[in-house]
Amino acid sequence: MKKPAPIRPAAMAAALCILALQMLPSAHADSGRAMPRNVPSAYTQECAACHTAYPPGLLPAASWNRVMAGLDKHYGTDASLDATTVRQLNQWLQAHAGTYKRVNEEPPEDRITHSAWFEHKHRKIEPATWKLASVKSAANCAACHTGADRGEFDEHDLRMPAGLNARSRRAWND
Amino acid sequence: MTRTRPLALAALCAWASASTYSQAADTTAAQQLAHWSAQAGSPGNVDKGKLLFTTRHGSEWSCASCHGTPPTGQGKHASTGKLIAPLAPAFNPKAFTDTAKVDKWFRRNCNDVLSRECTAIEKADVLAYLNALKP
């Protein structure tokens, strides 16, 4: 019988250190891209009625400010709300807006999907994939990201959208 | 004084839950139909409601673009793909049970489809159509 190798304290400390470092970005609610814990119920009710509840860290504060000031013309639809709710939601969005590296850049039209990091992450997706009936647009995160409604966009929780052609299916895990 | 506090607290809780409840379900689809018909001075018309619901009115979208035709099953947001609960009350017990929500969505969606707010008779017609849809 082989004895299990004793755990070396130095290796243990190093592993713990790496773990802690990996967890650090999400611990900073004001700069991470994860969904903060204190999501206002109005955010889920109002914003997530039409689209994914985008984590506030995906846009910089100035972009959120413009989005909330123009809800009556919200990317082609009227998403107007009462002034109190707008103020409450904007305060929360400002407090948790993205400050991390490229999220800090204000994307064209204040669209998350026009952010440099978004385009980079999705650069291998074929144009036809975005147009699938099961996807409709890049705003439909949940078409592929199964944890989108919880603000989880981990690459391991992806699913293939229905109707993907054979070539894209083969390339899916690349 | 201290003896009345739990009672007062209980009363406050009861009031809070009652008011929350009345906010979440302060109306019904039938009441909404009656309300808009009364305001228009004429009863809602099922056929006119159906036409209004399915016509694009010169814009990109109709009501049916997101809610489906007929709106008895799950709808899908025309641009984001987000699923929408069935609109016809017989297929969704929560539909048209919250006045604030009804007003908000009529305002937004009429703006999107008709590029203006809907009139009382238009809302009455749409409700007459939706209420007439049965399993």
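Two residues are said to be in contact when heavy atoms of theirs lie within 4.5 Å. The exercises below use this term for a predicted model.

**Exercise 1.** Work out how many residues of chain B are in contact with chain A, and how much area the two chains bury between them.

*Solution.* Begin with the contacts: 14 residues of chain B touch 20 residues of chain A. Next comes the area, which amounts to about 1,300 Å² buried between chain B and chain A, with 44% of it on carbon and sulfur atoms. On the side of chain B, the residues that lose the most area to chain A are Thr80(B), Lys82(B) and Arg108(B), which together make up 41% of what that side buries.

**Exercise 2.** Find the number of salt bridges between chain B and chain A, and describe the one that joins Arg108(B) to Glu46(A).

*Solution.* The count between the two chains is 3 salt bridges. In one of these contacts, the side chains of Arg108(B) and Glu46(A) meet at 3.5 Å, taken from N to O, and a salt bridge requires such a nitrogen and oxygen to be within 4 Å.

**Exercise 3.** Determine how helix 3 and helix 4 of chain A are oriented to each other.

*Solution.* Helix 3 (residues 61-69) and helix 4 (residues 83-95) of chain A pack at an angle of about 165 degrees, and their axes are 9 Å apart. Angles over 145 degrees count as roughly antiparallel, and the two helices of chain A are therefore roughly antiparallel to each other. The contact includes Trp64(A) and Met68(A) from helix 3 and Leu89(A) and Leu93(A) from helix 4; by class, it has 6 nonpolar, 3 polar and no charged residues.

Key
Residues numbered from 1 in each chain as written. Chains lettered and ligands numbered in written order. Predicted model: local features only at pLDDT ≥ 70, side-chain atom pairs only at ≥ 80, totals over all residues. Heavy atoms only, no water. Axes fitted to C-alpha atoms, helices over the stretch in contact; angles between N-to-C directions. Helix = DSSP H or I, 4+ residues; strand = E, 2+ residues; numbered from the N terminus. Parallel < 35°, antiparallel > 145°, perpendicular 65-115°, else oblique. Nonpolar A, V, L, I, M, F, W, Y, C, P; charged D, E, K, R; others polar. Buried area = accessible area lost by both parts, 1.4 Å probe.
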